[in-house]
Amino acid sequence: MKKILIPILSVTLLFAGCSEDYLDPTKPSQELVIGTRDGIIGVANGLQQLWSVDRISPVYTTITGNGFTTKELRLLNAGNVDEGELSVGGQVLSTKNGVVNNLWSQCLIINSESQKVLDNINILTVENEKASVFAHASIFKALALSTLVQYFESVPLKTAKNASFNTRAEVLNTAIETLKATESSLDKATGFTGLANSLNYKNTVYALLARIYLIAGDHDNALKYANLVDLNVKSVFGYDQIGVNPIAFVSITTNNVFQPIDLTLGLPTALTPDSSDGRLNFYIKPGSNPTTATGFFDTNIKSIPVYLPGEIMLIKAEAYARKDNVPQAIIELNKVLTKTAATDVYGIGANLPPYAGIVTKEAVLEQIYRNRCIEMYMSGLKLEDSRRFNRPGAGVTGAERNRNWYPYPDSERNNNTNTPADPSV
């Protein structure tokens, strides 16, 4: 991936829903810079950098936070206090937690900066450039919003003094509308020299729409967009020796912060992977004891997929099951179970026999959940799945997550009187 490391120009010391910008008076204003072709492309490239690079990025904070909250990960060094709080969860997870604060603030920044690109898109006059930047900024805005509502009960859509908080449904609808606005121009959004080019815009828009519609409970549209995704096309966050894979760099290759919990992947006994499941050797280094991550996280330059083919198959399976079409749900589930490494664009294959369990909606949904947890291990999506599938929540017997929602960071509460009360867990 070619990187153009042009920083986001609106620098905030504390980015909250009511934040103020602190600008360097010796530098050109953001309005001036984003009003040029090079400026708007630079800001667009900065979105991918903000999303995917460094310990403060949503790539790091979602995989880390989700991993500890849903018991996918084990802490290696108690000196990593923020990750340690996440590993315990409950009331121990404080409003000062650095991982949670970074997840909140970076997503808010990315939402705001993406919108500035979208607001100024008509500065671009070359059709391919305009369509590509429009899709690029729309994808990161939708990612930011749909990620926030997986961890927090409500979210401010606007950046303003004492911004109001929006409902989960409002935030999801905004993410959907943002992505759908790109549809008419996706055929022209093929990328160009100068724009970060590791994303396939058309397939990413369709995959994210399928994901977000599923979260929103719109199963017809989840199916519609899942069926549009080309499962043989990769779309990834790319890394190199300058902008490195944050999970590999911070934790896995240093063996200092976290590693996979074990071969159960954090699942309860009834749902643990079969010992012959080929996905274990994809995500866990074969023979490692204690377990060590491999897959997308064992070198600093490994790319991380935006979505997986298996996720799209399982979106279809879940949507059919929730629509009471259990036979079709099993057909889609079997595509994941029988998939081989050779037939998956990323080399993820379960190599298992077809489903032979009870043919009921409840039983099939449980197996869909199980396979989402295995197929999409360390994807940052399990907390949302755990709630949606009504798995035992924090504070109850057999809890499979140590928090249901995260508390709002002090950086927001101290600057926004509209910040809601924190959830108990």
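In the predicted model, Asp-82, Glu-83 and Leu-86 of helix 4 are in contact with Gly-98, Val-99 and Val-100 of helix 5. Sorted by class, this contact between helix 4 and helix 5 comprises 3 nonpolar, 1 polar and 2 charged residues. Two packed helices are described by the angle between their axes and the distance between the axes. For helix 4 (residues 81-88) and helix 5 (residues 98-119), the axes come within 7 Å and cross at roughly 95°. Because angles of 65 to 115 degrees count as roughly perpendicular, helix 4 is roughly perpendicular to helix 5.

The chain as a whole contains 16 helices and 4 strands. Its radius of gyration is 21 Å, close to the 22 Å given by the globule rule for 425 residues, and the chain is therefore as compact as a globular protein of that length. Along the principal axes, the C-alpha atoms occupy a box of roughly 65 × 45 × 40 Å. Among contacts between residues at least 6 apart in sequence, 72% link residues at least 24 apart.

Of the 425 residues in the chain, 59% count as buried. In soluble globular proteins, nonpolar side chains tend to be buried together. The largest nonpolar core comprises 128 residues, and those with the most contacts inside it are Trp-51, Val-133, Phe-152, Phe-237, Phe-258, Phe-296 and Ile-368. Helix 6 (residues 127-151) supplies the largest share of this core, 14 residues. With residues up to four places away in sequence left out, Ile-368 touches Leu-314, Ala-317, Glu-318, Ala-321, Leu-333 and Phe-389.

Methods. Residues are numbered from 1 along each chain as its sequence is written. This is a predicted model: local features need pLDDT of at least 70, side-chain atom pairs count only at pLDDT 80 or more; totals for chains, interfaces and linings use all residues. Side-chain values use heavy atoms; hydrogens and water are left out. A nonpolar core is a set of buried Ala, Val, Leu, Ile, Met, Phe, Trp, Tyr and Cys residues joined through side-chain atoms within 4.5 Å. Buried means under 20% relative accessible area, exposed over 50%, partly exposed in between (1.4 Å probe, protein chains only). Helices (H or I, at least four residues) and strands (E, at least two) are DSSP runs, numbered from the N terminus. Contact means heavy atoms within 4.5 Å. Axes are lines fitted to C-alpha atoms, for helices over the stretch in contact, and angles run from 0 to 180 degrees between N-to-C directions. Angles under 35 degrees count as roughly parallel, over 145 as roughly antiparallel, 65 to 115 as roughly perpendicular and the rest as oblique. Ala, Val, Leu, Ile, Met, Phe, Trp, Tyr, Cys and Pro count as nonpolar, Asp, Glu, Lys and Arg as charged, and the others, Gly among them, as polar. The radius of gyration is taken over C-alpha atoms; the globule rule is 2.2 Å times the number of residues to the power 0.38.
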